[in-house]
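Keep the viewer open as you read.

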Amino acid sequence: MTGGNLTRDEAEERARLVSAEHYAVELDLTRGETTFGSRSTITFGCSEPGAATFVDLLAPAVRSVTLNGEALDPAEVFDGARVHLSGLRTQNVVVIDADAAYSRTGEGLHRFVDPVDGEVYLYTQFEPADSRRLFANFEQPDLKARFQLTVTALARWRVWSNETLEELSQGADGANTWRFNATEPISTYITAVVAGDYHVVEDEHTVRLPDGSDLLIPVSAMVRKSLAPYFDAAAILEVTKAGLDFYHRIFDYPYPFGKYDSAFVPEYNLGAMENPGLVTFNERMIFRSKTTDASYQNRAETIMHEMAHMWFGDLVTMKWWDDLWLKESFADFMGAYALTHATRWERAWVSFATGRKAWAYRQDQLPTTHPIVADIRDLEDARLNFDGITYAKGASVLKQLAAYVGEEAFLEGARRYFQRHAFGNTTLDDLLATLEETSGRDLKTWSKAWLETAGVNTLTVETETGADGVVTAAGIAQSAVPEFPTLRPHRIAVGCYSTNPATGAVELVERIELDVDGARTELPQLVGKPLPGLVLLNDLDLTYAKIRFTPAELDAFEAGGLAALPDAMARALAWSGVWHMTRDAAMSGRRFIAIVLRNIEAESDISVVQNLLRQLRLVRGEYLDPAHRPAADAEISTRFWDLLAAAASGSDHQVAFAYGAVRGATQDSDFAKLKELLSGELSFDGLTVDQDLRWAIIETLAAAGLDDDSVLADREAATDDTSDGRRHRAAARAARPLAEAKAEAWRLVVETPDQPNDLIGAVLAEFYQVGAHELAEPYVGPYFDGLAAVWAERSIQNAERLVSGGFPWPLASPELLARTDEWLASDAAKAPALRRLVLEARDDAARALRARECDRNA
Ligand SMILES: [Zn+2]
C-alpha cells in the first residue's frame with residue numbers, strides 16, 4: 001500500500017511526548033488540476049525537551065520546513081510520508097509548506113469534474129488517516145487540537161469547512177480567500193473541506209435545551225449543480241431537524257459544533273462521514289430515478305447514524321482504532337433507534353434484522369472474523385476494520401445490552417459518558433464504567449462473552465411429542481463452530497405461532513421471554529400443550545444468533561406459511577433463518593427459491609423484499625447445483641413477470657418486481673420483453689422505465705450477448721452523458737460475453753491506475769457472469785500473479801475492490817480453492833490485509849461449493 005503505515009506503538013509514544021494545540025492550515029486551490037498549496041503551522045508542546053518526533057504528510061513535494069524559526073532542509077527531514085523533527089522544546093511551532101496532490105480515488109482531497117457541465121467539485125475524506133494528504137499533522141485520533149482553515153479558491157466557488165466562516169476576502173485575480181473560525185478540539189480524521197459551485201439549500205433550526213434556553217443551529221444541504229433537479233433538500237433537512245431534536249432530548253448535551261451542513265458528493269467511497277459540522281454523504285442517496293421507500297429509509301438512517309457521531313465519535317473519540325467499534329456500533333444502533341422514535345420509519349428494526357444483521361452474520365462466519373474489540377496493530381489493520389463486525393454486530397450486541405441492562409440505564413450511561421469525556425479520548429473501559437454505574441450490573445462477564453470473543457451461536461428448538469401431538473419435553477440447544485466455541489448468555493423471546501382452525505389465520509399463541517445459557521436451556525412452558533406450528537426463537541430480535549427450523553416448519557413456509565405470519569418482525573426472523581440454513585447448506589437452494597417465490601408477494605416490508613431479491617440472485621448464481629439451474633431460471637423469471645403484472649400501479653413493490661424481472665431475465669422470451677420495455681412497446685400501468693431501469697435492462701441484455709457491438713449501451717450513454725451514464729456504459733460493455741470485452745474491461749480497471757472506485761466496482765460486478773467459465777478462465781493467472789503488485793501500487797480503496805471483485809468466483813471448484821491455497825502459501829501473501837481479503841473470497845467459494853452439494857443431494 002502506498003503511504004506510510006503508523007503503528008499503535010508509535011502512536012502511543014508520540015502521544016506521550018507531544019500535545020497538539022493548534023493548527024493554522026492554509027490551502028491554495030488555484031494552482032492547477034493536479035496539486036494545490038498546503039501550508040500547515042502547528043503549535044504543540046513536548047513533555048521531554050530535546051526529544052525527536054515526526055509529523056505525517058503524504059505529498060509529492062515539500063517546499064520548506066521551519067521548526068521554531070529555524071529552516072530545515074526538506075530533502076533531509078522529509079521521507080515521503082513523515083517530516084522528522086528533533087531537538088524539540090517545551091513549546092514548539094513548526095511550519096510545513098508543501099505541494100499536495102488531488103485524489104481521484106476518494107482518499108484525501110478528491111477532485112471530480114462533472115461531464116455534464118465541466119464544473120469542478122472538491123471534497124475531503126480522511127478516515128482513518130488521510131488528512132495527512134491535505135496538510136501536515138499528527139495523524140492519530142488522540143492528538144486532538146483546534147484547527148483553523150484558510151482556503152483560497154475561485155471567486156465564483158463557495159468553500160465549506162467544519163466551522164463557520166470568519167472572513168471572506170476578495171483577491172484581485174479572480175480568487176477569494178475563505179477564513180474559517182477555529183474548531184473545538186477535534187481529531188485530524190474528522191477535519192473537512194468542501195469546495196466548488198455546489199447547489200446549496202440553507203435553513204436553520206432551533207432546539208430547546210433542558211435549561212429552557214434555545215440553541216440556533218444553521219443547517220444546509222448541498223449537491224453538485226447537475227443533480228439539483230433531483231435534489232429533495234426539504235426531505236433531507238426534515239430528517240436532519242428531527243434528529244437534532246431527538247438527540248438533544250436523549251443525550252442532554254448541547255450540539256457542540258455550531259452548524260450542520262450535509263454535502264452529497266460524487267465518486268464517494270462509502271455511505272457517509274461524520275465530519276463535525278460538515279457531514280459528507282454519497283450522492284447516490286440523491287435519486288435520479290424512481291426508487292422505493294427502502295432507499296429513503298436507508299438515507300434517513302444514515303443521517304441519524306452520522307448525527308449520533310457528533311456526540312459519540314466527534315465529541316468523545318476512541319483513543320486508537322482498536323475501539324473504532326465504540327463509535328460505529330453506537331452510531332449504527334442509534335441510526336435505527338432514532339428512526340423508530342423520531343421519524344415515520346417506526347419499523348426500522350425490521351430492516352435492521354434482515355439487512356444490517358445479515359452483514360454481521362456473514363462477516364462473523366468468515367475465517368477472518370475477529371472479536372468486536374479488535375487488536376489493531378497499525379493503520380493497515382485499521383483500514384480493514386470498517387466491517388460488518390465493527391458496525392452491525394457491534395450494534396446488534398448493543399441492542400442486546402440495552403435489553404439486558406434496560407434502555408434507560410443504557411441512555412443514562414451514554415449521557416454520563418459524554419459529560420465526563422467531552423472533547424477527550426476513551427477506551428472500552430470508560431464506557432463500561434458509566435454503564436455499570438447506571439445499571440448496577442457487572443459488565444465484565446458480559447463484555448468477555450460478547451465483545452472479546454468472535455463467532456455466532458446457533459439456537460435450535462428440541463421437542464419431543466407423544467402420540468397425541470402433545471409436547472413431552474422441550475428445550476433450546478445452543479451451539480458454536482469448533483473454531484469459535486464460545487456459548488453465550490442470551491436474553492430472548494420465543495414466539496409460538498399456530499393456525500387458528502376457525503379463521504385459517506396464523507396467530508401468536510404465546511410469547512415466552514427467558515435467558516438462554518449453556519448448551520441446553522429447558523423450555524418447560526411448551527410441555528403439556530400441543531406443539532405449535534412454528535416455534536420462533538429470538539422473536540422480537542433481541543439477541544444476536546442464528547436460528548433453525550424443522551422440516552415441518554419449512555414445509556409450512558413453502559406452502560405460504562411464512563407470509564402468513566402476522567408480524568413483520570416475526571417474518572423478518574423467519575426470512576433470516578431460512579437464509580442462514582441455505583448459506584450453511586442445511587437447506588437446498590431450490591427450497592430457498594421455492595419459499596421466496598411463494599411468499600414474497602405478500603411481504604409488505606419493502607426493504608425485506610429488496611433484500612430477498614439480492615439473496616435470490618446469489619442463490620441462483622452460486623448456491624444451486626448447475627443441473628438445477630435451468631429449471632430455477634425459468635421459474636424465477638416467470639414468477640417475476642407475473643408479480644410485476646399483478647403489482648399495484650405506482651407502488652414500491654412494482655418497482656422492486658420490475659428490477660426482479662429485469663435482473664432475473666434468462667429466457668429468450670424475457671429478453672424480447674426487455675427490448676419492448678426499452679422501446680416502449682411493452683408497458684405496465686404506473687411503471688416508468690426511467691434511467692436507472694433502462695441501464696439495468698441494457699446491462700442484462702449485454703450480459704446475454706444481445707448487445708455485443710455495444711450499440712444499445714453507446715446510444716444510451718449519448719443520451720445520458722453523465723458520470724452515472726459513463727459508469728453504466730463501462731459496466732454494460734464489461735458484461736458482454738466476448739473475450740475482447742473482458743480484455744477491455746481488465747485494461748480499464750485493473751491495468752489503469754487510479755480509477756474512481758465506483759467505476760471499478762461497477763465494471764467488476766458485471767465482469768464475471770454466472771456459468772461463463774471460458775471467459776473467466778484466462779483471468780485466474782493474471783489475478784493471482786497481479787495481487788502483490790495491486791496491493792503495493794494502488795490506493796487501499798482501489799486495491800480492496802480489485803482483490804475482492806476480481807476473484808474468479810464463477811470457477812468455484814476444488815481446483816480454484818487449491819490454486820488459492822497455493823497463493824496463500826506463497827511470499828506474495830505476506831501483507832495481512834491482502835491475505836485477509838483473499839481468504840474471504842476463498843471462503844465464499846468454499847461455501848458455494850457446499851451449498852451446491854446440498855442442492856445436488858436434496
Ligand atoms: Zn459511522
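The zinc ion has three protein donors: His-305 through NE2, His-309 through NE2 and Glu-328 through OE. Donors here are N, O and S atoms within 2.8 Å of the metal (3.2 Å for Na, K and Ca); water is not among the atoms, so sites may look incomplete. Along the chain, the donors follow the spacing H-x3-H-x18-E. His-309 sits in helix α4 (residues 293–311) and Glu-328 in helix α5 (residues 324–342), so this pair ties together parts that are 19 residues apart in sequence. Helices (H or I, at least four residues) and strands (E, at least two) are DSSP runs, numbered from the N terminus.

A word on the model itself. It is predicted: local features need pLDDT of at least 70, side-chain atom pairs count only at pLDDT 80 or more, and totals for chains, interfaces and linings use all residues. Residues are numbered from 1 along each chain as its sequence is written, and side-chain values use heavy atoms, with hydrogens and water left out.

Now the domains. The assignment gives domain 1 (8–197), domain 2 (317–450) and domain 3 (565–857); such bounds come from an automatic or database domain assignment. The C-alpha centres of domain 2 and domain 3 are 31 Å apart. How many residues of domain 2 are in contact with domain 3? There are 21, and they touch 23 residues of domain 3. Contact means heavy atoms within 4.5 Å.

The area buried between domain 2 and domain 3 is about 2000 Å², with carbon and sulfur atoms giving 57% of it. Buried area is the accessible area (1.4 Å probe) that two parts lose on being put together, summed over both. Val-350, Thr-354 and Leu-384 supply 29% of what domain 2 buries against domain 3, more than any other three residues.

Polar links cross this interface too. The rule finds three salt bridges between domain 2 and domain 3. A salt bridge is a side-chain nitrogen of Lys or Arg within 4 Å of a carboxyl oxygen of Asp or Glu. Five residue pairs across the interface are in polar contact, both residues at pLDDT 80 or more. A polar contact is a pair of N or O atoms within 3.5 Å; within protein, one must be able to donate a hydrogen and the other to accept it, and residues adjacent in sequence count only if both atoms are side-chain atoms.

On the domain 2 side, α6 (348–364) and α7 (379–384) are the elements that give two or more residues. α6 gives the most, with nine residues.

A search of the whole structure finds 79. One of them joins Glu-13 and Arg-16, whose closest N and O atoms are 2.9 Å apart. Both residues lie in helix α1 (residues 8–17), three residues apart, about one turn of the helix.

Finish with the backbone. The peptide bond from Glu-127 to Pro-128 is cis, with omega near 5°. Pro-128 lies in the loop between β9 (120–125) and β10 (146–154). Asn-68 has a positive phi, near 50°, though it is not glycine. Its place is the loop between β4 (61–67) and β5 (70–72). Leu-540 also has a positive phi, near 80°. Leu-540 is in the loop between β27 (534–539) and β28 (546–547).
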